[in-house]
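Student: I would like to learn how to read a strand pairing and what surrounds it. Can we go through one case, step by step?

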Amino acid sequence: MRKKSLGKGLGALIPENPSETTGESIVEVDIEKIKPRDDQPRKEFDDKSLVGLSDSIKKYGVVQPIILKEEDGIYHIVAGERRYRASLIAGLDKIPALIKDIDDKSLDILSLIENLQREDLSAIEEANAYQKLSEDYNMTQENIAESVGKSRSYIANIMRLLKLDEESKKDLEKGAITSSQARSLLSIKDEKERKNMRDKIKQKKANVRDVERKTSKNQDKILMEDFRNKFMEEIGSKVEFKKQKGVYKVIIDCYSTDDMEELYNRLKK
């Protein structure tokens, strides 16, 4: 799958081909002068993935420069900490970088959004990042959606996961339940009943439809909502269903030809 396209506004801060789009020079920076930010939104990095990236760097070099902010001779990472960590493993002395003068607010927003472009971000990490953008920087769901190249409904559905109880969140983080299953559990208000249903789901004794039957008479509506959420999670675009003469039509919003190409590549795979 090709790299996710950046949302509007973000591309100006993290250009996909920096040297071509900004006219700024890429420089080689001593890796010992680079320091990750203490408040970097992403705390965990998969060791196996880093080793794989370091092997690629040994063979091909760092293909995309990292982005740094210089303060008193120290270069703080704005975007590209994973590439930096892999370069350390690869034993590099220098790393290609683009130095940018960014104010603290833009730096925080940029770091959050850059991490949201990652494929391996968990649903709760993603939801927390959206929540931080909303609370700390007064960004609406529309603003967030535009920045990360998602639909507003997708942002809303991911943020709903933060309403889960802590045990359900932990199960979601561990992969014991899926995002769709977690959202369905939100319809069960009684904590004891929710826990019982969550345990059944983990034991493969129940599924989303069982939750729907338990919590709503309008099963078809909730089932369609679950399918809509699954589609949006997978393709990152707004999805609607229409039923005409017994036939369901799936309508997917694409905002550019790049979106259509990415959708085509996902369906092809």
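Student: Which residue is the bridge partner of Leu-68 in β5?

Tutor: Ile-99 is the bridge partner of Leu-68 in β5. Strands here are DSSP runs of E with at least two residues, helices are runs of H or I with at least four, and both are numbered from the N terminus. This is a predicted model, in which local features need pLDDT of at least 70 and side-chain atom pairs count only at pLDDT 80 or more, while totals for chains, interfaces and linings use all residues. Residues are numbered from 1 along each chain as its sequence is written, and side-chain values use heavy atoms, leaving out hydrogens and water.

Student: How many bridges join β3 to β5?

Tutor: Two strands pair if DSSP finds at least two bridges between them. Strand β3 (residues 66-71) and strand β5 (residues 94-99) are joined by 3 bridges and run parallel. Within this pair, Ile-67 stands opposite Leu-98 in β5.

Student: In which sense do β3 and β4 pair, parallel or antiparallel?

Tutor: Antiparallel, over 5 bridges. Lys-69 of this pairing stands opposite His-76 in β4. The two strands form a hairpin with 2 residues between them, and Asp-72 in the turn has a positive phi of about 55°.

Student: What is the strand order of the sheet?

Tutor: The open sheet has 5 strands in the order β1-β5-β3-β4-β2, and its pairing is mixed. Its edge strands, β1 (27-30) and β2 (34-35), each pair on one side only.

Student: Which helix lies across β2, β3, β4 and β5?

Tutor: For such packing, contact means heavy atoms within 4.5 Å. Axes are lines fitted to C-alpha atoms, for helices over the stretch in contact, and angles between N-to-C directions run from 0 to 180 degrees. Helix α4 (residues 81-90) lies across these strands and runs at about 125° to β4 (74-79).

Student: Which residues of α4 are buried?

Tutor: Buried means under 20% relative accessible area, exposed over 50%, and partly exposed in between (1.4 Å probe, protein chains only). In α4 the buried residues are Glu-81, Arg-83, Tyr-84, Ala-86, Ser-87 and Ala-90. Gly-91 follows α4 and has a positive phi, near 80°.

Student: What share of the protein chain counts as buried?

Tutor: Of its 269 residues, 43% count as buried. The protein chain has 14 helices and 7 strands.
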